[in-house]
Amino acid sequence: STLFPYTTLFRSLALLSGPDDLGHYRVLSVTAWHERDTQESKGRALRLVNAAGSKVLAVDVVGIGKGLADSIRREFRGGTEFRASDKPRAAVAERFTNLKAEIAWKLRGLLEAGLVRLPQSATLRAQLVAMKYEITPQGKVKVVDPSDSPDHVDAVLIALSRACASSWLTPTQPILVGGPRFNVMGAMSRL
């Protein structure tokens, strides 16, 4: 399986493998640290990625992330950029406010179908349960982050975005709506 790590401002990194022949994904680990020196953090992320044999490192390029992504690409061929605020794919643009909402919905579907395995992590579980969504007046799904930054969830979402970019939702798959605000990751209660 291919590994798809992601680091959010070099504070967390998720390693994900998949999909396998049956369409299953596995989040192998989510690692977090606090480092003020961005180059130290970059080095740590690259060591983790290289140790895992990963081919891709997707970096959140909002703010200081852009400079870090440029620096990573000088040393790691598989460095790619990610912006949660980017538009969703054209095929589902009328359903989601941005790319993060599209990916979160994909993760929700994978969890509900039992197609993704998460590591035993109280932090990841708490952050997933705290995630919410709402339907905008335009009828689009919008992810509402909890007040405490969901770094672990963001790491998993962006790793997932790279792992299954070609197998996203089809435009005809339904969005189930029962009210203005719901728990995006409701399937977590089954884990």
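User: Is K100 buried or exposed in this predicted model?

Analyst: The model is predicted. K100 has a relative accessibility of 11%. Buried means under 20%, so K100 counts as buried.

User: Which residue's side chain makes a polar contact with the side chain of K100?

Analyst: K100 lies in helix α3, residues 99-112. Residues up to four places away in sequence aside, K100 touches A84, M131, V143, D145, D154 and L157. One of these makes a polar contact, side chain to side chain, at 2.8 Å. That partner is D154.

User: What percentage of the residues of the chain count as buried?

Analyst: The chain has 191 residues. Its accessible surface comes to about 9600 Å², with 51% belonging to carbon and sulfur atoms. The buried share of the residues is 47%.

User: How many helices and strands does the chain have?

Analyst: From the N terminus, the elements run β-β-β-α-β-α-β-α-β-α-β-β-α-β. The secondary structure therefore comes to five helices and nine strands.

User: Which element has the lowest mean pLDDT?

Analyst: The chain averages a pLDDT of 78, and 80% of the residues score at least 70. Strand β8, residues 141-144, has the highest mean among the elements, 94. At the other end, with a mean of 29 over residues 181-183, is strand β9.

User: How many contacts does the stretch 166-191 have in the model, beyond near neighbours in sequence?

Analyst: Over residues 166-191 the pLDDT is below 50. Where pLDDT is low, the predicted coordinates should not be read in detail. With that caution, the number of contacts in the model, beyond near neighbours in sequence, is 64.

Key
Residues numbered from 1 in each chain as written. Heavy atoms only, no water. pLDDT = per-residue confidence, 0-100. Helix = DSSP H or I, 4+ residues; strand = E, 2+ residues; numbered from the N terminus. Contact = heavy atoms within 4.5 Å. Buried < 20%, exposed > 50% of the residue type's maximum accessible area, 1.4 Å probe, protein only. Polar contact = N/O pair within 3.5 Å; in protein donor to acceptor, adjacent residues only side chain to side chain. Areas by Shrake-Rupley, 256 points an atom, 1.4 Å probe, with all protein chains shown as cover.
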